[in-house]
Each structure stands twice: as structure tokens, then as C-alpha cells.
Amino acid sequence: MLQETGTEWLSQEVKTGTTIIAVEFDGGVVLGSDSRVSAGASVVNRVMNKLSPLHDKIYCALSGSAADAQTIAEVVHYQLDVHSIEIDEDPQVRSAATLVRNISYKYKEELSAHLIVAGWDRRDGGQVFATLSGLLTRQPFAVGGSGSSHVYGFVDAEFRGGMSKEECQQFVVNTLSLAINRDGSSGGVAYIVSIDEHGTEEKVVLGNDLPTFFDQ
Amino acid sequence: MEKRSVDSRVRGVSTGTTILAATFDGGVVIGSDSRASIGGEYVSSKTINKVVQVHDQIFCCMAGSLADAQAVTKAAKFHLSFHSVQMETPPLVIAAASVLQELCYNNKEELQAGFITAGWDRKKGPQVGAGRGDSHTGSRDTAVQSNSTYWRVAAVLIPCVPPQVYVVPLGGMLVGQPVTIGGSGSTYIYGYVDAKYKPNMSREECLQFATNALALAMGRDNVSGGVAHLVVITETGVEHVVVPGNKLPKFHNE
């Protein structure tokens, strides 16, 4: 028999069981995420934007425990602000990723959050960094969150280097849609952020506008 | 992602695995990887064939505990051959799936078995089914690997009708689907299968699709690997295709 789930959400930790993805293209990056926040079996927020700005052209994607991830993002946002004033120019993506990594590594026993850091800087162009468990690695693309395991096959097969910005955006939307279909902890709308030399563009793709596949 | 028990004394040799079956225009393709491991730490066989014949043109795919899978396969073989003698005709796919379903359901405490039954019979054509022994009973086939889960893929070929695939999940429900995947490696290719499978593909397209899906799953799942065993079942017969590891398709990160 199914248990009564009425008050579960009061006692369960709030997690962003989620799907997040960041992809590099020639000239920038595209980040994407779903919008579901769950506490146990309840969805406590169906429209949360998990793409959090760390600086004008550097964003991070949150997954894992909602509180931990948000806190890391806020702390790093502050540290990057200070850092960019000190060096008197825009910070590098690698610096932002390093700051995130430092916190994730130092407090790895206490925290359970994984942030993917992506952005554009003048020196190295578009970059994507994964910071899982306190490592720091630059990758052409990164996926994370509970929904990511279902789409490893798809991203392995479909990713190619040298995509254009529009192709990247389509790739991100397709991946999110497939993960949302299969992962119970991912859902809602898709948030897409595209960052390049000219600026940052935020977009929302509503649930019924997401791509559909043969079984839908 | 689910944790897997690593107590090899209790679990014995298991086939953490990837198996799939898909219908195309005129037949079915069923396939699996070839790795058998103990607790995910030691590969006990690199070349085990998990595609087992249970009738003239019926094949099963194994996943989960090898011992259990072999025992159930033997029982199913016996039942099906007896059934076909009684009926004086090769068994229908759904009959093969039902045999497996009964075995799963009646022994569900000891077994945690799921089946993918793929085949072709006179009545309904190509079919794919999966049987699984867990509490998931959604209409989508979600192959969750738990301790000693096994998958059977039975392909029944009977001339004149398109092939079919049935799914018998753990617990013993029976569902028919055009394509189904199972085993521990299947979690990584749900997105790929959803995106790339199309009904009524050609034989070559379906074979390529199945090979790609197995290669992608083997690339990400540490308890799947080795060669890809594929069996193509059509009206005219059964064909085995083995794709060795070094001939598997490579993707951007290899």
C-alpha cells in the first residue's frame, strides 16, 4: 500500500533532483536546466531557475541539495565580485570554477551539491568546468543531476565539436526534454542561458513547447 | 542511481548487463553485451552469450543472476516445447511471454526476474516484450536493475506476421512495446533510445540503432562490456551478428 505522503515534505530535505547541462561552442557556452525542486515525493517548486549568475558572463548550474547549492553560488558570487574589483577586470571562468571547487572540496563531507560552472572570458573563450566532489576539470560539455544518467548515451552519441550557438541550444533543449521524460525528479520548464562575447541571453522553454519523441 | 550489492558470496556471478530489443519493418533485433561480473569488481567472463534460444525461433536475453537466469531459461524451454507439441504449431510470442510471466510471478519471492520477449508469430507479427520483477508497473518499460534481476529476451519467429516485443517486468505484468531495454546499463541509454528509435525502420537502420545503443551503454556502465551479441529475427529466419569490441562504433570522447 502506498504510504500517506501528506506531510513528508515538511521533514524531507529539499533537493534539486535535476538535470543540468552545459555545452561549449565556438565563441561561448550554452547552459540548460529543468525547473523542478522536490522534497521527497512532493514538488515544492516547479519553476525554479537553477542557472545562477556568478558574474556578468559566468553562470553556474545547481544540482543536489538546494540549500547547499544556492549557498555555494551566493558565496562564490560575492568572492568573484571582490576578486574582479581587485584585478580591475572581468574574472576568468577558471577562477570562478576554482572558487566553487575550493568550497566543494573543503566541505565535501558536509555539503552535497554539484555545480557546473560555465561562461565566456576574453582569454579562453567559452569554457565549461565540472566540479563534482571537489575536482576541477574542463570539458567540452558536462551533464549533472539525477536525470543526467538517462541521457549519457544520447549526449555521447549526439555531441560534436564545432557546433554553432543555435545547434547547441537545440542540443541542450533535446537533452533536457529526454531527461525530463525519464527522470521523476526532473520536470517543469527548461531554462536556457547562452553566453558569448556579445552578452548573456536567458530563455525559457515552456513544458508544452519542449521537443517530443516517438512515444509521445 | 541505485546501489548494487557487492557481496559476491551471496550474489554469486551476476550479469550486470545491457539488453535491448526493437522491432523494425519485417522483424525484430535483440541484443546484449557479453560481460559477466562478480559484484562489479571482477569480470568472470568477457564473452558470455546472453542471448539464449528457447525454441526454434525464440530467443531469450539474460540479465541478473546467471544461475537463476539459466534455471528459468531451462524451465521455459521445456514449457514451450511441450506447448508447441500440444498445439502442433510453433508458439506465439505472447505465449512465450506468458510462460515467462508465470515463472516470474509464481516465484517472485525467490526470483527478481524480468523478461524481454521478442518475436514474430503468425498472428500478430513482430513483437517485443519485457518481464521484470520489481514494483515498477508503469506503462513505460523502466528496466531497474536490482539484486539478481534478470532479463529474458525471447524472440519468437513464426512466418507470415510481423515480429513483436513484450515486456514482463518484475512482479509479472505483461506489456507489449515496440522497443525495450533492460539491465544495469540501460539507464544510460533511455535518452538515446527515446530520441533515435523510430517505428518501421529498415533492417540495417535497426541493426545500427541497436549496435549504437549497446556501444553507448557499454561505454558508460562498468558492468557491461565485451562484444555485442545481436540476433535478427525475420520471417525467413534467424541471423546472429557478433560485433567485437574493437569494431563497435566510437563516439566523440573515444
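A salt bridge here is a side-chain nitrogen of Lys or Arg within 4 Å of a carboxyl oxygen of Asp or Glu. Keep that cut-off in mind for the first stop.

This is a predicted model, in which local features need pLDDT of at least 70 and side-chain atom pairs count only at pLDDT 80 or more, while totals for chains, interfaces and linings use all residues. Residues are numbered from 1 along each chain as its sequence is written, chains are lettered from A and ligands numbered from 1 in the order in which they are written, and side-chain values use heavy atoms, with hydrogens and water left out.

**Stop 1: the interface**

Show chain A and chain B together. The rule finds three salt bridges across their interface. Select B:Lys196 and A:Glu158: their side chains meet in a salt bridge, 3.0 Å from N to O.

Now select the contacts, meaning heavy atoms within 4.5 Å. On the chain A side, 17 residues are in contact with 23 residues of chain B. About 1,800 Å² is buried between the two chains, and carbon and sulfur atoms give 61% of that area. Buried area is the accessible area (1.4 Å probe) that two parts lose on being put together, summed over both. In chain A, pick A:Asp156, A:Arg182 and A:Phe214: these lose the most area to chain B, together 39% of what that side buries.

**Stop 2: the sheet of chain A**

Switch to a cartoon of chain A. Helices (H or I, at least four residues) and strands (E, at least two) are DSSP runs, numbered from the N terminus. Two strands pair if DSSP finds at least two bridges between them.

Five strands form an open, antiparallel sheet in the order E11-E2-E3-E12-E13. Its edges are E11 (141–144) and E13 (199–205), each pairing on one side only. Neighbouring strands are turned by 10 degrees against each other on average, direction ignored. Axes are lines fitted to C-alpha atoms, for helices over the stretch in contact, and angles run from 0 to 180 degrees between N-to-C directions.

Zoom in on E12 (residues 190–196) of chain A. E12(A) pairs with E13(A) in the antiparallel sense over seven bridges. A:Val193 stands opposite A:Glu202 in E13(A). Then bring in helix H5(A). H5(A) lies across E2 (20–25), E3 (28–33), E12 and E13 of chain A, running at about 160 degrees to E2(A).

**Stop 3: A:Tyr191**

Select A:Tyr191, which sits in strand E12 of chain A. Is A:Tyr191 buried or exposed? A:Tyr191 is buried, at a relative accessible area of 13%. The classes are buried under 20%, exposed over 50% and partly exposed in between (1.4 Å probe, protein chains only). The C-alpha atoms of A:Tyr191 and A:Val204 are 4.7 Å apart, although 13 residues separate them along the chain. Not counting residues up to four places away in sequence, A:Tyr191 touches several others, including A:Leu31, A:Met48, A:Leu176 and A:Lys203.

**Stop 4: charges around A:Lys165**

The whole structure holds 12 salt bridges over all chains. Select A:Lys165 and A:Asp196: they form one, with the closest N and O atoms 3.6 Å apart. A:Asp196 lies in strand E12 and A:Lys165 in helix H5 of chain A, so the pair ties together parts that are 31 residues apart in sequence. A:Asp196 counts as buried, at 11% relative accessibility.

A:Glu201 is partly exposed, at 33%. Together, A:Lys165, A:Asp196 and A:Glu201 are linked in a network of salt bridges.

**Stop 5: aromatic pairs**

Rings of Phe, Tyr and Trp (its six-membered ring) pair if their centres lie within 6.5 Å; planes under 30 degrees apart count as stacked, over 60 as edge-to-face and the rest as tilted. The search finds eight aromatic pairs over all chains. Select A:Phe154 and A:Phe171: this pair is stacked, at 6.3 Å centre to centre and 15 degrees between the planes. A:Phe154 lies in H4 (residues 148–158) and A:Phe171 in H5 (residues 165–182) of chain A, so the pair ties together parts 17 residues apart in sequence. A:Phe154 is buried at 4%, and A:Phe171 is buried at 6%.

Cross to chain B. B:Tyr192 and B:Phe209 are stacked, at 6.2 Å centre to centre and 10 degrees between the planes. Both B:Tyr192 and B:Phe209 are buried.
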